[in-house]
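Please find below a colleague's note on side-chain contacts in the structure under review.

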Amino acid sequence: QSDFGRQYDSLSDMVSFGIAPAVVAYGWGLGNLGKFGFAAAFVYSSCAALRLARYNVQAETSGSNDFTGLPSPVGAALVAGLGWSTHALTMSFELVIVGMLVTVAGGLLMVSNFKYSGFKEIDFRGKVPFFVIFSVVMGFIVISIDPARILFAIALIFSVYAPVKAFYIYGKRRLSGFYGQ
């Protein structure tokens with residue numbers, strides 16, 4: 001509620017969603033790339049800091065239900081989830097390169113201008129339909145089958161959804177403008 005609490009919350013978010021995933025990714029395999037791996041982890045953590053700062057500024061002025069840029073918890077799930085879901089695999093140069101690309105992409109998506117749903121329009125205070133409750137229970141069951149890979153897949157799908165949607169809309173507008181002339 002206080003200004004101090006708000007700043008302290010931002011600091012803890014930076015550690016949890018910015019520094020920790022970068023350190024995990026570096027220890028997972030980015031360290032094998034030397035300076036390139038360090039640079040990828042640094043890009044991610046720097047973008048997380050910028051994302052959180054932008055969120056703090058926009059939270060007071062924005063009335064939108066959407067987030068501008070990938071929310072930092074999803075970015076953290078994307079980066080840390082890759083390491084978690086591949087921990088049993090034999091580490092290869094190709095896998096580390098994929099890890100570097102995912103780490104950098106996660107960071108850049110956090111500072112992008114893509115609009116991500118905040119799901120703030122969902123109201124859980126009122127009467128909740130049976131189908132919603134059933135879907136949540138089934139979701140937990142599906143996740144419990146292989147939590148690492150399924151949660152990583154959810155983070156990946158959520159991460160790429162907004163750019164794919166934006167490029168689809170952009171392409172559709174370009175085509176309609178091209179054929180409309």
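The numbered points below take the aromatic pairs and then the salt bridges of this predicted model.

1. Aromatic pairs as a group. The count of aromatic pairs in the model comes to six. Two of them, Phe114 with Phe167 and Tyr116 with Phe158, are discussed here.

2. Phe114 and Phe167. These two rings form an edge-to-face pair, with 6.0 Å from centre to centre and 70 degrees between the planes. The angle qualifies because planes over 60 degrees apart count as edge-to-face. Phe114 is placed in the loop between helix H4 (93-110) and strand S2 (115-117), while Phe167 belongs to helix H6 (residues 147-180). The pair therefore ties together parts that are 53 residues apart in sequence.

3. Phe114 has a relative accessibility of 21% and counts as partly exposed.

4. Tyr116 and Phe158. The ring centres of Tyr116 and Phe158 lie 5.4 Å apart and their planes meet at 35 degrees, so this pair is tilted. It too links distant parts of the chain, since Tyr116 is in strand S2 and Phe158 in helix H6, 42 residues apart.

5. Tyr116 is buried, with a relative accessible area of 1%. Phe158 also counts as buried, at 19% relative accessibility. The value for Phe158 falls in this class because buried means under 20%.

6. Salt bridges as a group. Side chains of opposite charge can pair when their charged atoms come close. In this model the count of salt bridges comes to two.

7. Asp3 and Arg6. A salt bridge joins Asp3 to Arg6, and the closest N and O atoms are 3.3 Å apart. Both residues are in helix H1 (residues 3-28); being three residues apart, they are separated by about one helical turn. Asp3 is exposed, with a relative accessible area of 56%, whereas Arg6 counts as partly exposed at 38% relative accessibility.

8. Asp146 and Arg149. The other salt bridge is formed by the side chains of Asp146 and Arg149, at 3.2 Å from N to O. Asp146 counts as partly exposed, with 25% relative accessibility. Arg149 is likewise partly exposed, its relative accessible area being 42%.

How values were computed: Residues numbered from 1 in each chain as written. Predicted model: local features only at pLDDT ≥ 70, side-chain atom pairs only at ≥ 80, totals over all residues. Heavy atoms only, no water. Phe/Tyr/Trp six-rings, centres within 6.5 Å; stacked < 30°, edge-to-face > 60°. Helix = DSSP H or I, 4+ residues; strand = E, 2+ residues; numbered from the N terminus. Buried < 20%, exposed > 50% of the residue type's maximum accessible area, 1.4 Å probe, protein only. Salt bridge = Lys/Arg side-chain N within 4 Å of Asp/Glu carboxyl O.
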